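Please read this briefing alongside the sequence and the structure shown below.

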Amino acid sequence: MSDAEHLQALKEAILTMDLEGITAVAQAAMDAGVDPQAAITDGMVPGMVEVGEKFEEGEYFLSELVVAGEVMKDGLKVIEPYISAGATASTKSRAVIATVEGDSHDIGKNIVVTLLGVQGFDVEDLGIDVRADDIVEKVREHKPAVVALSALLSTTMPHMGDVIEALKAAGLRSSVKVIVGGSPVTPAFAASIGADHCAANAIEGVNKCAEWVKK
Ligand code: B12
(Lines give C-alpha, C1' and ligand atoms only; values in the text may rest on other atoms or scores of the structure.)
Protein backbone atom coordinates (compact mmCIF):
# COMPACT_ATOMS: atom_id res chain seq x y z
CA MET A 1 0.00 0.00 0.00
CA SER A 2 1.27 3.50 -0.82
CA ASP A 3 1.35 6.32 1.75
CA ALA A 4 -1.65 7.91 0.01
CA GLU A 5 -3.59 4.64 0.37
CA HIS A 6 -2.78 4.46 4.08
CA LEU A 7 -3.98 8.07 4.53
CA GLN A 8 -7.17 7.22 2.64
CA ALA A 9 -7.70 4.12 4.82
CA LEU A 10 -7.34 6.28 7.96
CA LYS A 11 -9.85 8.78 6.61
CA GLU A 12 -12.30 5.97 5.70
CA ALA A 13 -11.96 4.43 9.17
CA ILE A 14 -13.10 7.71 10.75
CA LEU A 15 -15.84 8.27 8.20
CA THR A 16 -17.26 4.76 8.59
CA MET A 17 -16.79 4.92 12.38
CA ASP A 18 -14.73 1.73 12.30
CA LEU A 19 -14.11 1.40 16.03
CA GLU A 20 -12.95 -2.21 15.64
CA GLY A 21 -10.64 -1.63 12.68
CA ILE A 22 -8.96 1.71 13.47
CA THR A 23 -6.18 0.32 15.65
CA ALA A 24 -5.06 -2.08 12.90
CA VAL A 25 -5.39 0.58 10.19
CA ALA A 26 -3.30 3.07 12.21
CA GLN A 27 -0.72 0.43 13.13
CA ALA A 28 -0.40 -0.63 9.48
CA ALA A 29 0.28 2.99 8.49
CA MET A 30 2.95 3.35 11.19
CA ASP A 31 4.55 0.00 10.23
CA ALA A 32 4.69 1.18 6.61
CA GLY A 33 6.59 4.30 7.73
CA VAL A 34 3.85 6.86 7.06
CA ASP A 35 4.76 10.18 8.73
CA PRO A 36 2.77 10.20 12.01
CA GLN A 37 1.88 13.91 11.75
CA ALA A 38 0.61 13.37 8.20
CA ALA A 39 -1.40 10.37 9.42
CA ILE A 40 -3.23 12.76 11.75
CA THR A 41 -3.53 15.90 9.66
CA ASP A 42 -3.90 14.37 6.16
CA GLY A 43 -5.58 11.10 7.22
CA MET A 44 -7.83 11.24 10.23
CA VAL A 45 -8.58 14.99 10.41
CA PRO A 46 -10.08 15.17 6.87
CA GLY A 47 -12.28 12.24 7.95
CA MET A 48 -13.47 14.23 10.96
CA VAL A 49 -14.12 17.28 8.80
CA GLU A 50 -16.37 15.17 6.58
CA VAL A 51 -18.14 13.69 9.61
CA GLY A 52 -18.84 17.27 10.74
CA GLU A 53 -20.22 18.12 7.29
CA LYS A 54 -22.51 15.07 7.33
CA PHE A 55 -23.72 16.10 10.80
CA GLU A 56 -24.47 19.58 9.50
CA GLU A 57 -26.34 18.14 6.51
CA GLY A 58 -28.44 15.91 8.78
CA GLU A 59 -26.99 12.67 7.41
CA TYR A 60 -25.16 11.88 10.67
CA PHE A 61 -26.51 12.45 14.18
CA LEU A 62 -24.91 13.12 17.56
CA SER A 63 -24.36 9.41 18.17
CA GLU A 64 -22.19 9.30 15.04
CA LEU A 65 -20.16 12.33 16.23
CA VAL A 66 -19.56 10.51 19.51
CA VAL A 67 -18.39 7.28 17.83
CA ALA A 68 -16.23 9.14 15.26
CA GLY A 69 -14.61 10.95 18.21
CA GLU A 70 -13.86 7.61 19.88
CA VAL A 71 -12.41 6.19 16.65
CA MET A 72 -10.16 9.25 16.33
CA LYS A 73 -8.97 8.86 19.93
CA ASP A 74 -8.14 5.17 19.41
CA GLY A 75 -6.22 6.04 16.24
CA LEU A 76 -4.28 8.77 18.08
CA LYS A 77 -3.34 6.30 20.82
CA VAL A 78 -1.50 4.23 18.20
CA ILE A 79 0.05 7.15 16.29
CA GLU A 80 1.14 9.56 19.04
CA PRO A 81 4.01 7.46 20.44
CA TYR A 82 5.58 7.52 16.98
CA ILE A 83 5.59 11.35 17.04
CA SER A 84 7.24 11.46 20.45
CA ALA A 85 9.77 8.77 19.52
CA GLY A 86 11.19 10.89 16.69
CA ALA A 87 11.30 14.06 18.75
CA THR A 88 14.18 16.11 19.96
CA ALA A 89 13.17 18.41 22.78
CA SER A 90 14.29 21.93 21.97
CA THR A 91 12.83 23.90 24.86
CA LYS A 92 12.16 23.54 28.55
CA SER A 93 9.32 25.99 29.03
CA ARG A 94 5.89 25.50 30.54
CA ALA A 95 2.52 25.69 28.82
CA VAL A 96 -0.94 25.67 30.34
CA ILE A 97 -3.67 24.43 27.98
CA ALA A 98 -7.43 24.08 28.25
CA THR A 99 -10.65 23.78 26.31
CA VAL A 100 -12.69 26.75 27.47
CA GLU A 101 -15.85 26.81 29.59
CA GLY A 102 -18.92 25.12 28.13
CA ASP A 103 -16.93 23.20 25.51
CA SER A 104 -16.16 19.50 25.75
CA HIS A 105 -14.29 19.02 22.44
CA ASP A 106 -10.78 17.83 23.25
CA ILE A 107 -9.43 15.83 20.32
CA GLY A 108 -7.65 18.80 18.72
CA LYS A 109 -6.47 20.08 22.10
CA ASN A 110 -4.99 16.66 22.88
CA ILE A 111 -3.01 16.73 19.63
CA VAL A 112 -1.64 20.14 20.66
CA VAL A 113 -0.70 18.68 24.08
CA THR A 114 1.25 15.88 22.39
CA LEU A 115 3.04 18.23 20.00
CA LEU A 116 3.92 20.69 22.79
CA GLY A 117 5.46 17.75 24.66
CA VAL A 118 7.41 16.84 21.53
CA GLN A 119 8.77 20.42 21.43
CA GLY A 120 9.97 19.95 25.02
CA PHE A 121 7.26 21.95 26.79
CA ASP A 122 6.27 20.93 30.27
CA VAL A 123 2.49 20.85 29.67
CA GLU A 124 -0.20 21.42 32.27
CA ASP A 125 -3.38 20.11 30.59
CA LEU A 126 -6.43 21.42 32.45
CA GLY A 127 -8.85 19.39 30.33
CA ILE A 128 -12.25 20.46 29.01
CA ASP A 129 -14.93 22.95 30.10
CA VAL A 130 -12.47 25.03 32.15
CA ARG A 131 -13.58 28.36 33.64
CA ALA A 132 -11.45 31.48 33.12
CA ASP A 133 -10.79 31.84 36.86
CA ASP A 134 -9.47 28.28 37.09
CA ILE A 135 -7.11 28.92 34.16
CA VAL A 136 -5.82 32.09 35.86
CA GLU A 137 -5.29 30.15 39.09
CA LYS A 138 -3.12 27.60 37.24
CA VAL A 139 -1.17 30.35 35.49
CA ARG A 140 -0.41 31.86 38.89
CA GLU A 141 0.67 28.45 40.17
CA HIS A 142 2.73 27.20 37.21
CA LYS A 143 4.05 30.47 35.73
CA PRO A 144 3.90 29.20 32.12
CA ALA A 145 5.39 30.98 29.12
CA VAL A 146 2.33 30.06 27.04
CA VAL A 147 -1.40 29.78 27.64
CA ALA A 148 -3.08 27.73 24.89
CA LEU A 149 -6.86 27.79 24.53
CA SER A 150 -9.13 25.61 22.41
CA ALA A 151 -12.77 26.13 21.41
CA LEU A 152 -14.81 24.27 18.78
CA LEU A 153 -18.14 26.00 19.28
CA SER A 154 -18.97 29.52 18.17
CA THR A 155 -20.93 29.82 21.43
CA THR A 156 -17.91 29.02 23.64
CA MET A 157 -15.30 30.96 21.65
CA PRO A 158 -16.07 34.23 23.52
CA HIS A 159 -14.85 32.55 26.74
CA MET A 160 -11.34 32.82 25.28
CA GLY A 161 -11.78 36.57 25.64
CA ASP A 162 -12.91 36.05 29.25
CA VAL A 163 -9.63 34.24 29.96
CA ILE A 164 -7.59 37.14 28.57
CA GLU A 165 -9.62 39.66 30.58
CA ALA A 166 -9.17 37.56 33.73
CA LEU A 167 -5.41 37.35 33.11
CA LYS A 168 -5.32 41.15 32.78
CA ALA A 169 -7.33 41.63 35.98
CA ALA A 170 -4.90 39.33 37.81
CA GLY A 171 -1.90 41.29 36.49
CA LEU A 172 -0.63 38.21 34.64
CA ARG A 173 -1.31 39.08 31.01
CA SER A 174 2.14 40.50 30.25
CA SER A 175 3.90 37.42 31.62
CA VAL A 176 2.38 34.98 29.10
CA LYS A 177 1.77 34.55 25.39
CA VAL A 178 -1.79 33.50 24.59
CA ILE A 179 -2.46 31.27 21.59
CA VAL A 180 -5.99 30.33 20.54
CA GLY A 181 -7.16 27.58 18.20
CA GLY A 182 -10.07 25.45 17.07
CA SER A 183 -12.02 25.40 13.81
CA PRO A 184 -14.30 28.43 14.39
CA VAL A 185 -11.49 30.68 15.65
CA THR A 186 -10.28 33.25 13.10
CA PRO A 187 -7.32 35.65 13.17
CA ALA A 188 -9.80 38.55 13.26
CA PHE A 189 -11.52 37.07 16.33
CA ALA A 190 -8.16 36.41 18.00
CA ALA A 191 -7.11 40.01 17.38
CA SER A 192 -10.42 41.31 18.74
CA ILE A 193 -9.89 39.59 22.10
CA GLY A 194 -6.20 40.50 22.28
CA ALA A 195 -4.71 37.03 21.80
CA ASP A 196 -1.10 36.86 20.60
CA HIS A 197 -1.74 34.26 17.89
CA CYS A 198 -4.48 32.29 16.17
CA ALA A 199 -3.31 28.83 15.12
CA ALA A 200 -4.29 27.54 11.68
CA ASN A 201 -3.65 24.02 12.95
CA ALA A 202 -1.85 22.21 15.76
CA ILE A 203 1.51 21.96 14.03
CA GLU A 204 1.67 25.62 13.01
CA GLY A 205 0.47 26.68 16.47
CA VAL A 206 3.02 24.63 18.35
CA ASN A 207 5.81 25.87 16.07
CA LYS A 208 4.76 29.41 17.01
CA CYS A 209 4.92 28.51 20.72
CA ALA A 210 8.43 27.08 20.24
CA GLU A 211 9.47 30.25 18.41
CA TRP A 212 8.24 32.38 21.33
CA VAL A 213 10.38 30.60 23.89
CA LYS A 214 13.49 30.14 21.74
CA LYS A 215 16.38 31.73 23.55
C1 B12 B 1 -16.08 14.92 17.41
C2 B12 B 1 -17.06 16.06 17.55
C3 B12 B 1 -17.83 16.09 18.73
C4 B12 B 1 -17.61 15.11 19.88
C5 B12 B 1 -16.39 15.61 20.69
C6 B12 B 1 -15.58 14.46 21.25
C7 B12 B 1 -14.33 14.98 21.89
N8 B12 B 1 -13.89 14.25 22.89
O9 B12 B 1 -13.73 15.98 21.52
C10 B12 B 1 -18.97 15.26 20.66
C11 B12 B 1 -19.91 14.21 20.17
C12 B12 B 1 -18.86 15.17 22.16
C13 B12 B 1 -19.47 16.61 20.16
C14 B12 B 1 -20.44 17.33 20.81
C15 B12 B 1 -20.99 18.49 20.31
N16 B12 B 1 -20.72 19.08 19.14
CO17 B12 B 1 -19.23 18.57 18.04
N18 B12 B 1 -18.09 18.03 16.69
C19 B12 B 1 -17.22 17.05 16.54
C20 B12 B 1 -16.55 17.10 15.15
C21 B12 B 1 -17.23 16.07 14.23
C22 B12 B 1 -15.06 16.86 15.09
C23 B12 B 1 -14.19 17.73 16.01
C24 B12 B 1 -12.80 17.16 16.04
O25 B12 B 1 -12.42 16.49 16.97
N26 B12 B 1 -12.06 17.37 14.93
C27 B12 B 1 -10.71 16.81 14.77
C28 B12 B 1 -9.71 17.72 15.47
C29 B12 B 1 -8.30 17.15 15.29
O30 B12 B 1 -9.80 18.99 14.86
P31 B12 B 1 -9.93 20.34 15.71
O32 B12 B 1 -10.59 20.10 17.00
O33 B12 B 1 -10.44 21.40 14.81
O34 B12 B 1 -8.42 20.66 16.08
C35 B12 B 1 -7.46 20.98 15.10
C36 B12 B 1 -7.24 22.48 14.97
O37 B12 B 1 -8.43 23.22 15.08
C38 B12 B 1 -6.22 22.77 16.02
N39 B12 B 1 -6.63 23.19 17.36
C40 B12 B 1 -7.73 22.94 18.08
N41 B12 B 1 -7.67 23.56 19.26
C42 B12 B 1 -6.50 24.19 19.32
C43 B12 B 1 -5.92 24.95 20.33
C44 B12 B 1 -4.65 25.50 20.11
C45 B12 B 1 -4.03 26.30 21.18
C46 B12 B 1 -3.96 25.24 18.90
C47 B12 B 1 -2.59 25.74 18.72
C48 B12 B 1 -4.55 24.49 17.89
C49 B12 B 1 -5.80 23.97 18.12
O50 B12 B 1 -5.48 21.57 16.18
C51 B12 B 1 -6.16 20.45 15.67
C52 B12 B 1 -5.29 19.73 14.66
O53 B12 B 1 -4.77 20.61 13.72
C54 B12 B 1 -16.84 18.60 14.72
C55 B12 B 1 -16.87 18.85 13.22
C56 B12 B 1 -15.55 19.40 12.72
N57 B12 B 1 -15.25 19.10 11.52
O58 B12 B 1 -14.82 20.09 13.44
C59 B12 B 1 -18.17 18.83 15.43
C60 B12 B 1 -18.59 20.28 15.83
C61 B12 B 1 -17.40 21.04 16.36
N62 B12 B 1 -19.56 20.05 16.88
C63 B12 B 1 -20.56 20.84 16.79
C64 B12 B 1 -21.66 20.85 17.68
C65 B12 B 1 -22.82 21.77 17.34
C66 B12 B 1 -21.67 20.02 18.82
C67 B12 B 1 -22.78 19.95 19.89
C68 B12 B 1 -23.36 21.32 20.32
C69 B12 B 1 -23.86 19.02 19.34
C70 B12 B 1 -25.13 18.92 20.16
N71 B12 B 1 -26.22 19.29 19.52
O72 B12 B 1 -25.09 18.55 21.31
C73 B12 B 1 -22.06 19.25 21.06
C74 B12 B 1 -21.41 20.25 22.04
C75 B12 B 1 -20.85 19.60 23.27
C76 B12 B 1 -20.05 20.61 24.07
N77 B12 B 1 -20.66 21.21 25.06
O78 B12 B 1 -18.90 20.86 23.75
C79 B12 B 1 -20.42 21.83 15.62
C80 B12 B 1 -20.00 23.24 16.10
C81 B12 B 1 -20.68 24.35 15.31
C82 B12 B 1 -20.18 25.67 15.79
N83 B12 B 1 -19.31 26.28 15.00
O84 B12 B 1 -20.50 26.13 16.84
C85 B12 B 1 -19.41 21.10 14.73
C86 B12 B 1 -18.53 22.04 13.86
C87 B12 B 1 -20.22 20.14 13.81
C88 B12 B 1 -21.02 20.86 12.77
N89 B12 B 1 -20.53 20.97 11.56
O90 B12 B 1 -22.10 21.33 13.07
N91 B12 B 1 -18.86 16.96 19.03
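The model is predicted, and its protein chain holds 9 helices and 5 strands. Counted from the N terminus, the elements follow the order α-α-α-α-β-α-β-α-β-α-β-α-β-α. The radius of gyration of the protein chain is 17 Å, close to the 17 Å that the globule rule gives for 215 residues, so the chain is as compact as a globular protein of that length.

**Overall dimensions and packing**

- Along the principal axes, the C-alpha atoms of the protein chain fill a box of roughly 55 × 40 × 25 Å.
- Of the 215 residues in the protein chain, 41% count as buried.
- Among contacts in the protein chain with a separation of 6 or more, 76% are between residues 24 or more positions apart.

- Contact between the domains involves 10 residues of domain 1 and 8 residues of domain 2.
- On the side of domain 1 that touches domain 2, the elements giving two or more residues are α3 and α4, and the largest share, 7 residues, comes from α4.
- By residue class, that side of domain 1 divides into 4 nonpolar, 4 polar and 2 charged residues.

**The shell around the ligand**

- The ligand is surrounded by 39 residues, of which the closest are Gly52, Gly108, Gly181, Ala199 and Gly205.
- Each of α3 (36–56), α4 (62–85), α5 (107–118), β3 (146–150), β4 (177–181) and α9 (202–213) supplies at least two residues of this shell, and α3 gives the most, with 8 residues.
- Both domains take part, since at least three residues of the shell are drawn from each of domain 1 (3–85) and domain 2 (94–213).
- The composition of the shell around the ligand is 20 nonpolar, 15 polar and 4 charged residues.

**Methionine 160 in helix α7**

- Methionine 160 lies in helix α7, which covers residues 158–169.
- Is methionine 160 buried or exposed? Methionine 160 has 29 other C-beta atoms within 10 Å, and it is therefore buried, the cut-off for a buried residue being 20 or more.
- When its neighbours within four places in sequence are left aside, methionine 160 is in contact with Val100, Leu149, Ala151, Val180, Ile193 and Ala195.
- Methionine 160 and valine 130 are 30 residues apart in sequence, while their C-alpha atoms are 10 Å apart in space.

- The buried residues of α1 are His6, Leu7, Ala9, Leu10, Lys11, Ala13, Ile14 and Leu15.
- After α1 comes methionine 17, whose phi is positive, near 50°.

Note on methods. Residues are numbered from 1 along each chain as its sequence is written. This is a predicted model: local features need pLDDT of at least 70, side-chain atom pairs count only at pLDDT 80 or more; totals for chains, interfaces and linings use all residues. Helices (H or I, at least four residues) and strands (E, at least two) are DSSP runs, numbered from the N terminus. The radius of gyration is taken over C-alpha atoms; the globule rule is 2.2 Å times the number of residues to the power 0.38. A residue is buried if 20 or more other C-beta atoms lie within 10 Å of its own, exposed if 12 or fewer, and partly exposed in between; C-beta atoms are placed from the backbone. Two residues are in contact if their C-beta atoms, placed from the backbone, lie within 7 Å. A residue is near a molecule or strand if its C-beta atom, placed from the backbone, lies within 6 Å of it. Ala, Val, Leu, Ile, Met, Phe, Trp, Tyr, Cys and Pro count as nonpolar, Asp, Glu, Lys and Arg as charged, and the others, Gly among them, as polar. Domain bounds come from an automatic or database domain assignment.
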